Amino acid sequence: ADERKDRITGLVSGKYLITDWLDVKAVISMDLINTKQSYQANNNTPGAAGSDNGSFGYDLVRRAQTNIDLVFSGRNSITSDLKISYNLGGTVLDTRGDVTGISARKLIVPNRFNLAFAPQADQFNWNANTHVQRQAIWGTAQFSFKDFLYLDVTGRQEYFSTLPSPYSSFYPSAGLSVILSDMIKMPSIVD
């Protein structure tokens, strides 16, 4: 068996300050992979199906994955005691694949690993294509009261090209936290 893999990856990102309290960030990444796999079995190789006089084959596998993220982030004071920070974003993950292959067995001339030496009836070709995409929109918000009481809420709506209708799932969350040492005077043993 022999394998050759060529790969190219890239990433570009940028951030822009819209106002002193709001910015936007974009990230685009790409991953391209081309793989060629080949195999051969010599004449009468034990365990190799149809290896009378030899058999061989190869696959060409191509995969391209693109990821795009866009995030708006902001920070504001609602009152002198109440602050909010938040993010609103979206993402697209797109994956495409293609596999093409050929195999031949029962070669006319032993161990001549070339299609010219394989009977047409013993040549097999295949091709398969895939395209999967996941999209999501999401948001987070954190409310801070006097910098000791925090309420965090999040929500994420994902859309999958591989799921049956309605193609999506929603993931909410909420959390509340308190920094007691900033809220009340703690005994000296705690400090």
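**Close-up views of a predicted model**

**View 1. T91 lies in strand β4, where the side chain of T91 meets I68 and D69.** Strands are DSSP runs of E of at least two residues and helices are runs of H or I of at least four residues, both numbered from the N terminus. The model is predicted, so local features are taken only at pLDDT of at least 70 and side-chain atom pairs only at pLDDT 80 or more, while totals for chains, interfaces and linings use all residues. Residues are numbered from 1 along each chain as its sequence is written, and side-chain values use heavy atoms, with hydrogens and water left out. T91 has a relative accessibility of 10% and therefore counts as buried (buried is under 20% relative accessible area, exposed over 50% and partly exposed in between, with a 1.4 Å probe and protein chains only). The side chain of T91 makes a polar contact of 2.6 Å with the side chain of D69, and the T91 side chain also reaches the backbone oxygen of I68 at 3.2 Å. A polar contact is a pair of N or O atoms within 3.5 Å; within protein, one must be able to donate a hydrogen and the other to accept it, and residues adjacent in sequence count only if both atoms are side-chain atoms. When residues up to four places away in sequence are set aside, T91 touches N67, I68, D69, R134, Q135, A136 and R156 (contact means heavy atoms within 4.5 Å).

**View 2. D98, in strand β4 (residues 82-104), has side-chain polar contacts with R62 and N127.** The contact between the side chains of D98 and R62 is 2.6 Å, whereas the one that joins the side chains of D98 and N127 is 3.4 Å. The relative accessible area of D98 is 16%, so this aspartate is buried. Beyond residues up to four places away in sequence, the residues that D98 touches are L60, V61, R62, N127, A128 and N129.

**View 3. I84, a further residue of strand β4, is shown with the residues that surround it in contact.** With a relative accessibility of 17%, I84 counts as buried. Apart from residues up to four places away in sequence, I84 touches G74, R75, N76 and I78, together with Q142 and F143. F160, by contrast, is 76 residues from I84 in sequence and 31 Å from I84 in space, C-alpha to C-alpha.

**View 4. A141 belongs to strand β5 (residues 123-145) and touches S85 and Y86 as well as L151, D152 and V153.** This list of contacts leaves aside the neighbours of A141 within four places in sequence. A141 counts as buried, at 15% relative accessibility. The C-alpha atoms of A141 and S73 are separated by 9.8 Å, although the two residues are 68 residues apart along the chain.

**View 5. K106 and N111 are both found in the loop between β4 and β5.** K106 has a phi near 50°, which is a positive value in a residue other than glycine. N111, likewise not a glycine, has a positive phi of about 60°. K106 is partly exposed, with a relative accessible area of 34%, and N111 is also partly exposed, with a value of 31%.

View 6. The C-alpha atoms fill a box of roughly 90 × 45 × 35 Å along the principal axes. The radius of gyration of the chain is 29 Å, whereas a compact globule of 191 residues would have one near 16 Å; the radius is taken over C-alpha atoms, and the globule rule is 2.2 Å times the number of residues to the power 0.38. Of the 191 residues of the chain, 23% count as buried. Among contacts between residues at least 6 apart in sequence, 59% join residues at least 24 apart.
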